[in-house]
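Dear colleague,

Please find below the structure that I am handing over to you. My notes on it follow directly after.

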Amino acid sequence: MEEKKLLLEIHSLSEKLTKPVRFMEVCGTHTVSIFRHGIRQLLPKNVELVSGPGCPVCVTDDVYMDKAIAYAKRPDTIIATFGDMLKVPGSESSLEQAKTEGADIRIIYSPLDSLDIARDNPDKKVIFLAVGFETTSPTAAALTIAAKEAGISNLYLLSAQKLVPPALKTLIADKTVKVDGFILPGHVAVVTGLEPFRFLKEEHQIPAVVSGFEADEILTAITFLLNMVVNNEAKLINAYQAVVKDEGNPVARSVTEKVYEKADAAWRGMGIIPLSGLCMRDEFSSFDIEKVLPLTVKPSPKTTGCRCGDVLKGVITPFNCPLFDKTCNPENPIGPCMVSVEGVCAAYYKYGRASFSFE
Amino acid sequence: MKELITLAEGAGGSAGEALMKDVVFPYLGNEILAEMHDGARLKVSGDIAFTTDSYVVSPRFFPGGSIGTLAVSGTVNDLAMTGAKARFLSAAVILEEGFPVAELKDILADMKKAAEYAGVLFVTGDTKVAPKGKVDGVFINTAGIGDIIEGADISPKNVKTDMKIIVSGSMGDHGATILAARHNMKSNLKSDAAPLNKMVEKMFKASKNIAALRDPTRGGLAATLNEIAKAADVGIIIDEAKIPIKEEVKGLSDMLGFDPLTLANEGKLVAFVPKGDADAVLAAVREDEHGTDAAIIGETTDKAAGKVGMKTPLGSIRVVEMPRGIIVPRIC
Amino acid sequence: MCLAFPAKVLSVDGAVAKVSRKGVERAISLMLLPNAKVGDFVLVHAGFAMEIVDEKQADETDALLAEMNGAPRTVFSL
């Protein structure tokens, strides 16, 4: 359906609302797409979009970054990482800074690229920074299996995989969080299928729509959500049927399960959430750098005043953070939400900062 | 001539002279250079423009050109963007010990080709050789002198509100080509690296009222528009649907998570032109072989001074920010 | 959180496929989608095919939306 028609539909539905609604787009790619298309500007005043904790870089905590940087500084090590991680601040430094100081850090597009790096550098330890949600964890697991099959013994993972549904459960349990419906992460659902999201309807009666990332797909999701709110019903709707199957991708899940098992995980701003992450199974411990070469980093709790945690929960918008656009900007990010291209603060900074009008 | 550059070639003396005579002159030689003075004596009249730029690129050869093409077109274009017709260039080449002479010849051949197209002469130069590992293959610096085109008065400060913004063709071709090569992507993409001085001469024949010209190199269109908006203290509003971008550039951007507006161009310009002259200047750009896809993409306004906005196909307006940092592929 | 793009499978060689999007080609892994065939459109994330794109299914979303807006029922809701 065309965007213009969807917008008309959204406006007409919004007139039937008895009170303003807030929908959360969980996924950072949605956040960026919403800004790129200027969708917020086009929505009725009583329909608000808030951004959720769906940026894996943003929810990665200091301790992980400090470890990554500590490994990076070892002369026998090459770090292979997605470009997204480069600027994420640890407690004192970032990978980018470590690179400037001489660490060998390679930006890769696919986890499999790190296999080639390991093959080309047999006398170095190559560590892949395996960060991501359900979409990305199968790729890290596949890398591990491929490395094992190829007999590559100098490739390791520093792993911090996270799971979306447990984070949503924590959000819903948090009384400060007020959300009337979820735009669910389409590419996570490609792997997980719909099952892990059914609790939204069944336990909490919260409307939820699995959505794609184009403007028309996001507007479609908003239309579905409004429809449900207006009709006072809560369903789980798959509006991204072109790629999201009800059952997800079982092959991807079994690859993940072969290498990983569920574990508690620390989320930046949200603390430790039970069984919200993945850790490598003992069978693959020779690929787990934390098992092979354990390293402790001093936790250095710093008080920066950064409110990333509240931003990730949708409790405040970046504009309400005292650091935003003052001491914290993409050049000098204080919190991770300002680092990733799809971090909520970075998106607000890039596309939504300052009130201006060309009309 | 040997197959590999050695430190001796950079030490002056006979090896250095042989490098000049056997390798460099066949490509870049001319009467002025042949005198082998410490400097060139040049005749100029009137106002001149003078510029310099250094070229460091990996990979050194890419579809559509090489570091040699860039070393000429980049400097010629910097002169053209100040409203000058490039005439004389210098070249300083820093080579890594062990650099293949054949590869140097290929680079020089690209420099010759671009210089002939632009109608410029290399009148002075220098070669140094750095020990292995101290230089990444080859670095080139070129400087250029050009005559200011009569009547041309180019400065970002001349940009006022209500001017039209012209781009000379599709955005991001060079950046996308380089990034595709770095990340094992295959496509028919070619760098747009080309001297634009002929296009600029045609544009000034069409109108002397062109206010500002820029080549959107590093940082792409997004950086260029932000720089002008800030320098001229005007608002800029462009129309997303009107910006020419090749399908392949969009494809690569989708795949690696880039914004095409931040990708570099090496043979494109952005012009700010008073409304009444815009159609004539656009026609002049399109007459040039490097400007066939030129388009008017937006205008300056008295609203939102210093900022760049873009109308999306949905009808909303989003900010086009100054790009930051290096461009790396991302997965989120 | 997860950038992914649809691309057409040009060739398959074991667990590796060559895909193309808007004229740009790259090798990707089929480890997570072993049943992908030449000619399929697949969703690619971080160098892996994740799922086959089924455009017919996209039409069902539109139909579902139309149904919510009062059109006759054509799709079973979830």
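Predicted model: local features only at pLDDT ≥ 70, side-chain atom pairs only at ≥ 80, totals over all residues.

Chain A is divided into domain 1, residues 1-304, and domain 2, residues 308-350. Between domain 1 of chain A and domain 2 of chain A the count is 1 salt bridge. The rule also finds 1 residue pair in polar contact across this interface, with both residues at pLDDT 80 or more. On the side of domain 1 of chain A that touches domain 2 of chain A, at least two residues each are supplied by β1 (21-27), α2 (28-36), β2 (47-54) and α4 (56-59) of chain A. By class, that side of domain 1 of chain A holds 15 nonpolar, 9 polar and 7 charged residues.

In terms of extent, 31 residues of domain 1 of chain A are in contact with 22 residues of domain 2 of chain A. The area buried between these two domains of chain A is about 2,000 Å², and carbon and sulfur atoms give 63% of that area. A:Phe35, A:Cys58 and A:Lys87 supply 23% of the area that domain 1 of chain A buries against domain 2 of chain A, more than any other three residues. The centres of the two domains of chain A, taken over C-alpha atoms, are separated by 17 Å.

**Chain A as a whole**

Chain A has 16 helices and 11 strands. Its radius of gyration is 21 Å, close to the 21 Å that the globule rule gives for 359 residues, so chain A is as compact as a globular protein of that length. Along the principal axes, the C-alpha atoms of chain A fill a box of roughly 65 × 45 × 35 Å.

**Chain B against chain A**

Where chain B meets chain A, 29 residues of chain B are in contact with 35 residues of chain A. The two chains bury about 2,900 Å² between them, 64% of it on carbon and sulfur atoms. B:Leu314, B:Ile331 and B:Cys332 supply 25% of the area that chain B buries against chain A, more than any other three residues. The elements of chain B that give two or more residues to the side touching chain A are β9 (235-239), α8 (247-256), β12 (308-311) and β13 (317-319). The residues on that side of chain B divide into 15 nonpolar, 6 polar and 8 charged.

**The two domains of chain B**

For chain B the domain assignment gives domain 1 (7-148) and domain 2 (156-319), and their C-alpha centres lie 28 Å apart. About 1,900 Å² is buried between domain 1 of chain B and domain 2 of chain B, of which carbon and sulfur atoms give 62%. In domain 1 of chain B, the residues that lose the most area to domain 2 of chain B are B:Asn77, B:Met81 and B:Tyr117, together 36% of what that side buries. The rule finds 1 salt bridge across this interface. The side chains of B:Glu201 and B:Lys85 meet in a salt bridge at 3.9 Å, N to O.

With kind regards

How values were computed: Residues numbered from 1 in each chain as written. Chains lettered and ligands numbered in written order. Heavy atoms only, no water. Domains from an automatic or database assignment. Contact = heavy atoms within 4.5 Å. Buried area = accessible area lost by both parts, 1.4 Å probe. Salt bridge = Lys/Arg side-chain N within 4 Å of Asp/Glu carboxyl O. Polar contact = N/O pair within 3.5 Å; in protein donor to acceptor, adjacent residues only side chain to side chain. Helix = DSSP H or I, 4+ residues; strand = E, 2+ residues; numbered from the N terminus. Nonpolar A, V, L, I, M, F, W, Y, C, P; charged D, E, K, R; others polar. Rg over C-alpha atoms; globule rule 2.2 N^0.38 Å.
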